Amino acid sequence: MAAALGSASSLPRSLRTEASPAIVSRRSPASAKLCSRSLHSKALVSVRPASFNLRCEVVSENFVRKNEIDSMPSGPSALELLKSSAADRYTKERSSIIVIGLNIHTAPVEIREKLAIPEAQWPQVIRELCALNHIEEAAVLSTCNRMEIYVVALSQHRGVKEVTEWMSKQSGVPLAELCEHRFLLYNKDATQHLFEVAAGLDSLVLGEGQILAQVKQVVKLGQGVAGFDRKISGLFKQAISVGKRVRAETNISSGSVSVSSAAVELALMKLPESSFANSRVVVFGAGKMGKLVIKHLVAKGCNRMVVVNRTEDRVNAISQELQGVDIMYRPLSETLACAAEGDVIFTCTASESPLFSKENVQMLPPVDQGMGRRLFVDISVPRNVEPGVSGLDTAQLYNVDDLQEVVAANKEDRLQKAAEAREIIFEELNKFEAWKDSLETVPTIKKFRAYVERIRASEMEKCLSKMGGDISKKQKEAIYDLSMSIVKKLLHGPMQHLRCDGNDDRSLSEVLENMRALNRMFDLETEVSLLEEKIKVKMERTKK
């Protein structure tokens, strides 16, 4: 079977750094924190030059007509009150993209299962995270192999602190224990990590396709949720594109296995005859993971099985799809009775509490003598089988962390494909970083347009006032159109030089320098304007 684990060049982003007792700065080669772990250094990979075809987001050119001039609020604003406090730090620190997480490379399943978040709760988690003082945007990716939170933070240090404390509070895992197993990545490193995740490079099974579907689910569930905004949404959409491109151009997924297929293969390795022919197979769960287990069982020659599920509809649908396979449905209320009749038991349900305790399994009748011990393969997170079952003489228990044995085959071929995939990832990484940096010009564009519009509206009012009250409506419209035309023509040059367009040779550094020059010339105070906008958004979310 094809597989994944590899040398330094193929190690997951969260492991390719030296162990450090302190948080690594965002400018470090691989800004990740892993306490008390021996890690490998990152291997260099050649990078093809990235092609840029980007355009900054531009605000609508619909100008305010006469008498629609900004009114200044009376009394000290919230911004003015905050400027005298620690809030001023926001104008000195750029927003950062951060990933805070645990995965199969950094934390055992007994820790990961406590932090697991069901898909249905992802939107609510986004809202809760964005209610924290220093978090602007957020997304969560929770699977059987990882629980990762991606945020855009106003302050790196404070953002990490708030999210980590939230994770500890929600999961019940003490902060010290959480920090021992978590990893942190900032900005470009965080982006690269997500791209590698979507491409299947960070999976237990290199190139597996299920993770890309899970990244797509993040975008699907995040649509319309306050806090799943421009940067995070753009990051995940770009990650999906990267995942698709890597699979199309490198064949990294050809012959690859998934967690489900690895579980079936592991069961075969542990059976006395390496065959399901004489085994009574029971599968708990008929969701996405359960369906894959069933399909892989059929591919390995298992044509008769019992499927235990909450509802019968899904089991019937799978049975109709797999013609010629004897699939018998049983309800969850018959869990122990089904287990008593099974030799090989796969558990892959979304239950947050175990289906099998040590006491339950201990009471089950023994399997046939030729089978040895009853085999449990638990690929659920949280786990469906209590770990104490492994201590029984009548049972064997394996979970997702035990699949390493299966995925170690054909490693060299997979590593070559991983190196090819990383070249694509670096290209896409440079594109995303250029797009993200170009967003810095948007506040300047908005502020400059508003500045020019105030002048236009004021001067037009003065002109109309001097002309007296006997001016016709048609004449007023002509004067208005003239003022608008002049403004548009004057704005055209500056706006062109604040855009990153792949059709010309203007570099991002030149665009940013133009932005800074415009800020200085017209005293636009975009940093303060941006802070005011962020505070306003946070206040609106708090009211909701």
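How much accessible surface does the protein have, and what share of it belongs to carbon and sulfur atoms? About 25500 Å², with 51% belonging to those atoms; areas here come from the Shrake-Rupley method with a 1.4 Å probe, and for residues only the protein chains shown count as cover.

Before you click around: this is a predicted model, where local features need pLDDT of at least 70 and side-chain atom pairs count only at pLDDT 80 or more, while totals for chains, interfaces and linings use all residues. Numbering runs from 1 along each chain as its sequence is written, and side-chain values use heavy atoms, leaving out hydrogens and water.

**Whole chain.** Switch to cartoon and you'll have 18 helices and 10 strands to look at (DSSP runs numbered from the N terminus: H or I of at least four residues for helices, E of at least two for strands). Of the 544 residues, 51% are buried (under 20% relative accessible area; exposed is over 50%, partly exposed in between, with a 1.4 Å probe and protein chains only). Take contacts between residues at least 6 apart in sequence: 75% of them join residues at least 24 apart, a contact being heavy atoms within 4.5 Å.

**Stop one: helix H4.** Select residues 156-171 and show Lys161 and Glu165, four residues apart, or about one helical turn. They form a salt bridge with the closest N and O atoms 2.9 Å apart (the term needs a side-chain nitrogen of Lys or Arg within 4 Å of a carboxyl oxygen of Asp or Glu). Glu165 is partly exposed at 35%, and so is Lys161 at 45%. The structure holds 20 salt bridges.

**Stop two: Arg330.** Its partner is Glu334, with 2.5 Å between the closest N and O atoms. Arg330 is buried at 15% relative accessible area, whereas Glu334 is partly exposed at 30%.

**Stop three: helix H14.** Now go to residues 411-438 and pick Glu428 and Lys431, three residues apart. Their closest N and O atoms are 3.8 Å apart. Glu428 is buried at 8%; Lys431 is partly exposed at 22%.

**Last stop: a positive patch.** Select Lys220, Lys288, Arg310 and Arg314, which form a positive surface patch. Patch residues have over 30% relative accessible area and no salt bridge; like charges are joined within 9 Å, each placed at NZ of Lys or CZ of Arg. Zoom in on Arg310, in the loop between strand E6 (304-309) and helix H11 (313-321): at 67% relative accessibility, Arg310 counts as exposed.

Technical notes
Patches are made of residues with over 30% relative accessible area and no salt bridge: like charges are joined within 9 Å, nonpolar side chains (Val, Leu, Ile, Met, Phe, Trp, Tyr) within 5 Å. Lys and Arg count as positive and Asp and Glu as negative; His and the chain ends are not counted.
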